[in-house]
Amino acid sequence: MVVFAVFFGSYLVQLGKHPQMFATSQQELSQSYGVLNTLVLLASSLLVALGVRAVRAGAAAVAPWLFAGAISCGLTFAAIKFLEYRDKFTSGIGPNTNDFFMYYFVLTGVHFFHVVLGLGVLTVIAVKSRGRQISSGRFTFIEGGSCFWHVVDLLWIVLFSLLYLVK
């Protein structure tokens, strides 16, 4: 969170120094991709929350499926982000284009790395949520991993707001 806070602060300082260039560059982003990715991650957070609730309730048959749904949402996010990156690169836009796109690719790239980590965590959670008896240690991992995923989603909401909406 601290690393992202430094990134966000640095981004906002540069936005203040170059508002026109940031606004012009921002118009090159697809708000449709951004909104779709936001909705997909919000859906994944809902599925994770429902999965944790199912584990608490002892619904061992349901919980893994809810976590698998969250994994599917995470993979969908990754596919949409891949399409967005592909569109930028085929248009000749990359991290070297200007400061806005340097921040765009660094911020979304670091976030993407955390999505990949989160997908690994969710996979382990889906496996650990199977079975009738869930030990307190296993449940602690499930809750901790779920919190990590929620933080990844929260970071995306801030990134979406900064990169796609703030002018």
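Q: Why is Arg56 called exposed in this predicted model?
A: Arg56 has a relative accessible area of 56%, and since the term exposed applies over 50%, the residue is called exposed.

Q: What makes the contact between Arg56 and Glu143 a salt bridge?
A: The side chains of Arg56 and Glu143 meet at 2.3 Å, N to O, and because the criterion asks for a side-chain nitrogen of Lys or Arg within 4 Å of a carboxyl oxygen of Asp or Glu, the pair counts as a salt bridge. Arg56 lies in helix α3 and Glu143 in helix α6, so this pair ties together parts that are 87 residues apart in sequence.

Q: How do you know whether Glu143 is buried, partly exposed or exposed?
A: The relative accessible area of Glu143 is 26%, and as buried means under 20% and exposed means over 50%, with partly exposed in between, Glu143 is partly exposed.

Q: Why is Lys81 assigned to a salt bridge with Glu84?
A: The closest N and O atoms of Lys81 and Glu84 are 2.7 Å apart, and because the cut-off is within 4 Å, the pair is a salt bridge. Both residues lie in helix α4, three residues apart, about one turn of the helix.

Q: What makes Lys81 and Glu84 buried or exposed?
A: Lys81 has a relative accessible area of 1% and Glu84 has 0% relative accessibility; because buried means under 20%, Lys81 counts as buried, and Glu84 counts as buried too.

Q: How do you know that Arg86 and Asp87 form a salt bridge, and how are these residues classed by accessibility?
A: Their side chains meet at 3.1 Å, N to O, and because the rule requires a distance within 4 Å, Arg86 and Asp87 form a salt bridge. Arg86, with a relative accessible area of 41%, is partly exposed, and Asp87, at 23%, is likewise partly exposed. By this rule the count for the protein comes to three salt bridges.

Q: Why is Ala57 called exposed?
A: The relative accessible area of Ala57 is 64%, and because the threshold for exposed is over 50%, Ala57 is called exposed. This residue lies in helix α3, and the C-alpha atoms of Ala57 and Ala5, 52 residues apart along the chain, are separated by 36 Å.

Q: Which residues are in contact with Phe100, leaving aside its neighbours within four places in sequence?
A: With those neighbours left aside, Phe100 is in contact with Tyr11, Met21, Phe22, Ser25, Gln26, Leu29 and Leu163.

Q: How many helices and strands does the protein have, and what percentage of its residues count as buried?
A: The protein has six helices and zero strands, and of its 167 residues 41% count as buried. Residues 24 or more positions apart account for 77% of the contacts with a separation of 6 or more.

Conventions:
Residues numbered from 1 in each chain as written. Predicted model: local features only at pLDDT ≥ 70, side-chain atom pairs only at ≥ 80, totals over all residues. Heavy atoms only, no water. Contact = heavy atoms within 4.5 Å. Helix = DSSP H or I, 4+ residues; strand = E, 2+ residues; numbered from the N terminus. Buried < 20%, exposed > 50% of the residue type's maximum accessible area, 1.4 Å probe, protein only.
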